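Here are my notes on this model, point by point. Please keep the structure open while reading.

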Amino acid sequence: MTWGFDNRTCAVRVVGHGDGLHLEVRLAGADANPYTALSAVLASITHGLDKSPDLPSACLSNAYESADAVSVPATLDQARSAFRHSPIAQAAFGGGGGDVVEHYARLAQIELDHHRTVVTDAEQERWFTRA
């Protein structure tokens, strides 16, 4: 994850000038639930305002090629684990016992369990053509 000024390759892009200065959070995909994605962005902003963590330097080049970039989880299993154990997610969505975090983590686990039992069309096509 990176950030930069008017840099479309960064996860967070700072754009505009003066009163029009704003952030574009560019991580969520088109298939993301907009309410969940916005909640995550607001939780991240709240965490940043409350804790003032040290930020890495702004990315001035192609963020995809940056050695300093922190990678986002590459799989649903990695994302589920990171979300489930995130203190930021627990603080934002945890409630008393972390019910919301556990709900979404469990939903991701159900999807993972189901995916492990299915052979996709792409897998069938690939292996039938190699048989």
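1. Basis. This is a predicted model, in which local features need pLDDT of at least 70, side-chain atom pairs count only at pLDDT 80 or more, and totals for chains, interfaces and linings use all residues. Residues are numbered from 1 along each chain as its sequence is written, and side-chain values use heavy atoms, with hydrogens and water left out.

2. Strand pairing. Helices (H or I, at least four residues) and strands (E, at least two) are DSSP runs, numbered from the N terminus. Two strands pair if DSSP finds at least two bridges between them. S1 and S2 are parallel, with three bridges. In this pairing, Phe5 faces Val14 of S2. S2 and S3 run antiparallel, with four bridges. Here Arg13 is opposite Glu24 of S3.

3. The hairpin. S2 and S3 form a hairpin with six residues between the strands. Gly16 has a positive phi there, near 95°.

4. A salt bridge here is a side-chain nitrogen of Lys or Arg within 4 Å of a carboxyl oxygen of Asp or Glu. The whole structure has six. One of them joins Glu24 and Arg13, at 3.1 Å from N to O. Glu24 sits in strand S3 and Arg13 in strand S2 (residues 12-15), so this pair ties together parts 11 residues apart in sequence.

5. Exposure of that pair. The classes are buried (under 20% relative accessible area), exposed (over 50%) and partly exposed (in between), with a 1.4 Å probe and protein chains only. Arg13 is buried, at 6%. Glu24 is partly exposed, at 26%.

6. Other salt bridges. Glu24 also meets Arg26, at 3.3 Å from N to O. Arg26 is partly exposed, with 35% relative accessibility. Arg116 pairs with Asp113, their closest N and O atoms being 3.4 Å apart. Arg116 is exposed at 55%, while Asp113 is partly exposed at 36%. Through shared partners, salt bridges link Asp6, Arg13, Glu24 and Arg26 into one network.

7. Thr2. Is this residue, Thr2, buried or exposed? Its relative accessibility is 12%, so Thr2 counts as buried. Thr2 lies in the segment before strand S1 (3-5). Contact means heavy atoms within 4.5 Å. Leaving aside neighbours within four places in sequence, Thr2 touches Thr9, Cys10, Ala11, Val12, Cys59, Ala63 and Ala69.

8. Nonpolar patch. Patches are made of residues with over 30% relative accessible area and no salt bridge; like charges are joined within 9 Å, and nonpolar side chains (Val, Leu, Ile, Met, Phe, Trp, Tyr) within 5 Å. Areas come from the Shrake-Rupley method with a 1.4 Å probe; for residues, only the protein chains shown count as cover. The surface carries a nonpolar patch of Met1, Leu23, Val25, Leu27, Leu38, Leu42, Ile45, Leu49, Val70 and Val72. Together they have about 920 Å² of accessible area.

9. Where the patch comes from. Which element gives the most to the nonpolar patch? H1 does, with four residues. Strand S3 (22-25) and helix H1 (34-51) each supply at least two. Leu49 belongs to helix H1. This residue, Leu49, is exposed, with a relative accessible area of 67%.
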